[in-house]
Amino acid sequence: MSIAGIKGMNDILPGEVETWQFLEKTAREVFRTYGFSEIRVPVVEKTELFCRSIGETTDIVEKEMYSFEDRSGNSISLRPEGTAPVMRALVQHKLYNLDSINKLYYSGPMFRYERPQKGRYRQFHQLGAEVVGVDDPKVDAQVLAMLDQFFQEAGIADVELQINSLGCPECRPAYRDLLVAYLEVRLESLCDDCKRRYRTNPLRALDCKSTGCKAATAEAPSVLAHLCCGCDTHFGKVRGYLDGMNIPYAVNDRMVRGLDYYTKTTFEMVTTRLGSQNAVAAGGRYDGLVKQIGGPALSGIGFAMGLERLALLKGDEAVVRDRPEIFLAGLGEAASDRSFLLMQELQRQGLRAEMDFEGRSLKSQMRRADKLGARYVLILGEDELSRGGAELRDMDAATQEDVQLDQLLSVMIERCGLVRRDKA
Ligand code: ATP
Ligand code: MG
């Protein structure tokens, strides 16, 4: 019996992976422009890290974490998100001593035990960025500008940037109390989840998708009307800078995030094209987080984008698969051996070259070259071999010419431009 993969954990196959590589490359280039460096952190952390940072009463910690005991009885968890591990690393290595501002990005798999559906999986991938050490609303605007630029350069349209402010420890408690009182008299209409957590996490009811909660919270007080002076000014400045940079956005005062550490500016990139999996990227400020996990009182802001959702949006218009520049069709053993050496010479120069290893007929080799989309085919038979030449067919132009085998490399370099793309 064959063994299948685990539910909700996907293979990313050739044909799909090109889109992923394109998205990752685009992100790297854009993030670099803004001065971000990559950080790589482990896939597992102590469970305590996520409980303390994301919050005990959040969906993620309550019911979505993959937590295990290791062989020594320690509780460890597959990371459900990237911000907490990155901040753990920042504190552990005291990166703030090397530079008072840290701009970091990461990319990799995250794990949440959710009900798998389109755009929602148990292993999924995030590309995220964080700035630690600046309060200035310019940084909020800059992070949003970077996100906007990524979507433009990735060619993903039909997304809307929505922003909100969730206040700070000074103003949020009073707003929270107000909301608890508002919900208390409407408990009957709330869904079971929101009913259960209306005291511990009342804000969640605001963006709950259930019809009852939507109706019940329609007239709920707006967080934006209850910001303290500092938060209100901060949010006003963020909007002002976005306006100044001509970055389109909508204010959505119902948007709350599912992680407890967010303060002040929060945001999502939303789309209407993925059903209820409508958030493609999400993030916000987390001014208390670094201190909460044992570091100094440094403020931070960041976001994470879901690569599966980005790839779904990018869809079929993606990113052409690499085609071989040349396919060497050798006929007979001697020609096949020579083709093999030529192929290696071409590959060493960075040209994508392929050949047949099964001694097939010219017709079936041509069919394979066609299937691979080869740009040129070198047809090398025994007669040609004996005179040191071969026929080079241009598959796009449907023309052919004779080439000398000792000239093949330079002819191909001239045709295809060059070479060793990774060094270019
Ligand atoms: P959602 O509201 O869709 O559950 P979220 O608020 O849980 O998203 P975040 O924790 O903020 O999402 O993660 C940021 C991004 O990661 C999301 O916008 C989404 O693109 C992606 N993401 C989150 N959970 C999943 C998942 N289970 N499968 C695929 N992508 C996901
Ligand atoms: Mg979620």
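How far apart do the C-alpha centres of domain 1 and domain 2 lie? In this predicted model the separation is 49 Å. The domain assignment of the chain, taken from an automatic or database source, gives domain 1 as 17–171 + 227–317 and domain 2 as 326–415. Residues are numbered from 1 along each chain as its sequence is written, while chains are lettered from A and ligands numbered from 1 in the order in which they are written. Local features need pLDDT of at least 70 and side-chain atom pairs count only at pLDDT 80 or more, whereas totals for chains, interfaces and linings use all residues, and side-chain values use heavy atoms, with hydrogens and water left out.

Glutamate 114 brings a polar side-chain atom to 2.7 Å from a nitrogen atom of ligand 1. For glutamine 126, a polar side-chain atom lies 2.9 Å from an oxygen atom of the ligand. Valine 280 takes part through its backbone, with an N or O atom 3.1 Å from an oxygen atom of ligand 1. Taken alone, ligand 1 exposes 580 Å², and the protein buries 90% of that (accessible areas by the Shrake-Rupley method with a 1.4 Å probe). Strands here are DSSP runs of E with at least two residues, numbered from the N terminus.

In one, 5 strands follow the order β13-β12-β14-β15-β16 with mixed pairing, where two strands pair if DSSP finds at least two bridges between them. Its edge strands, β13 (353–355) and β16 (399–404), each pair on one side only. Neighbouring strands of this sheet are turned by 25° against each other on average, direction ignored, with axes fitted to C-alpha atoms and angles running from 0 to 180 degrees between N-to-C directions. Within the sheet, β12 (residues 326–330) and β14 (residues 376–380) run parallel and are joined by 5 bridges; phenylalanine 327 stands opposite valine 377 in β14.

The other sheet has 3 strands in the order β2-β4-β3, with antiparallel pairing. Its edges are β2 (44–46) and β3 (67–69), and the twist averages 35° from one strand to the next. Strand β4 (residues 75–78) pairs with β2 over 3 bridges, and leucine 78 in β4 is the bridge partner of valine 44.

Technical notes. Helices (H or I, at least four residues) and strands (E, at least two) are DSSP runs, numbered from the N terminus. A polar contact is a pair of N or O atoms within 3.5 Å; within protein, one must be able to donate a hydrogen and the other to accept it, and residues adjacent in sequence count only if both atoms are side-chain atoms.
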